[in-house]
Amino acid sequence: MSQGPRSGLAAVSSALLAMSRHLEVRDVLKTIVASARELLDAQYAALGVPDDHGGFAQFVVDGVSEEQWRAIGPLPRQHGILAAMLQEAKAERLADVRKDPRFEGWPSAHPEMSDFLGLPIRDGDEVIGALFLANKNCTNSEGGCGFTEDDEDLLAILAQHAAIALTNARLYERSRELTIAEERSRLAHELHDAVSQKLFSLRLTAQAAAALVDRDPSRAKGELHQVAALAAEAADELRAAVVELRPAALDEDGLVATLRTHVQVLDRAHDARVTFASCGVRALPAAQEEAVLRVAQEALHNALRHSGAFRVDVTLERRAGGAVLRVTDDGTGFDPPSIRRDGRHLGLVSMRDRASGVGGALTVESAPGKGTTIEMEVPGG
């Protein structure tokens with residue numbers, strides 16, 4: 001990850017900007033560690049976030065390969081020098097960590113370390129992490145460079161900004177969790193109300209059909225058709241609610257993987273062939289990714305439920321630093337102006353609102369018998 005030593009104000013500025021660029025806690029931790037290692041020209045760097053049980057909730061390293069890290073084994077406990085930094089909340093700069101009386105050794109697969117510089121990351125009076133580096137790179141053939149007082153001062157500046165970046169990331173994740181919880185609660189109430197009403201109507205209609213089946217079979221048949229229609233509407237309500245709950249997958253899998261999985265599910269569930277292709281798309285800001293997913297879901301719902309399409313193709317491509325989503329079907333199509341005049345929207349209003357809400361744009365191309373193409377372009381990424 002590190003590309004060699006850098007110095008001066010530009011290097012410090014670059015490191016601080018890199019830390020403030022991310023909102024996910026894990027990304028912030030990785031950026032802090034990589035920035036510290038590069039800025040102070042160390043062979044190894046690590047950052048541990050303590051838990052409440054004498055261990056570390058998170059522990060990120062830089063300079064150690066994935067194979068080495070797996071071989072080292074479980075996360076370290078809070079002991080020795082690490083415990084001292086967390087408990088005493090002061091810097092530790094050592095010429096050889098192995099000669100310190102507090103040193104308690106390390107696993108056999110652990111790389112050899114000598115000179116050491118560590119500093120707690122503090123948010124007010126709370127120690128929220130421990131940042132440390134080992135093995136200062138040295139051009140002196142005789143070795144023995146070690147970390148200097150200037151290195152310690154520089155790491156202290158980095159640690160102060162790391163505390164801000166880490167605190168902001170935690171607040172962002174907490175805010176997102178609360179938003180998701182509130183949205184799920186709202187959807188649960190809406191689902192309960194909508195589906196309960198449908199099921200109540202379904203029950204009454206079924207009872208009416210049962211009462212008529214002997215004395216008026218034709219009316220009973222009509223009631224049974226109504227039962228089928230109400231059942232289909234209830235299923236649609238449930239399906240819509242499930243779709244609304246899906247964006248949590250964006251946090252774990254990202255937009256491309258989430259869209260691909262959604263398309264695969266629809267392809268199995270419907271007679272129409274549904275495909276997905278993606279090219280060069282980078283991660284987008286969270287709001288843009290959710291908007292793209294919502295529009296894709298709405299466009300797919302329209303194509304599969306109303307167009308009579310035999311094929312629906314979804315593509316997501318990079319464009320001008322952002323992304324463009326395209327959902328194309330070979331269905332019956334429609335005349336957009338007449339749809340607006342008739343007061344029917346097919347979700348087009350909400351799709352346009354979602355696109356404009358994240359600084360994007362939505363276009364619709366359709367004509368009777370010519371299929372439909374929904375295209376959404378968003379900035380960012």
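## Overall composition

The protein chain has 10 helices and 10 strands (DSSP runs, H or I of at least four residues for helices and E of at least two for strands, numbered from the N terminus). This is a predicted model, in which local features need pLDDT of at least 70 and side-chain atom pairs count only at pLDDT 80 or more, while totals for chains, interfaces and linings use all residues. Residues are numbered from 1 along each chain as its sequence is written, and side-chain values use heavy atoms, with hydrogens and water left out.

Of the 381 residues in the protein chain, 39% are buried (under 20% relative accessible area, 1.4 Å probe, protein chains only). Among contacts (heavy atoms within 4.5 Å) with a separation of 6 or more, 61% are between residues 24 or more positions apart.

## The five-stranded sheet

Five strands form an open sheet with mixed pairing, in the order S6-S7-S8-S10-S9; two strands pair if DSSP finds at least two bridges between them. Strands S6 (273-279) and S9 (361-366) are at the edges and have a single partner strand each, so one side of each lacks a neighbour in the sheet. From one strand to the next, the twist averages 10 degrees.

Strands S8 (residues 322-329) and S10 (residues 372-378) run antiparallel and are joined by seven bridges. Valine 324 has glutamate 377 in S10 as its bridge partner.

## Helices across the sheet

Helix H8 (residues 286-306) lies across S6, S7 (311-319), S8, S9 and S10, at about 5 degrees to S8. Helix H10 (residues 348-357) lies across S9 and S10, at about 145 degrees to S9. Axes are lines fitted to C-alpha atoms, for helices over the stretch in contact, and angles run from 0 to 180 degrees between N-to-C directions.

How values were computed
Buried means under 20% relative accessible area, exposed over 50%, partly exposed in between (1.4 Å probe, protein chains only).
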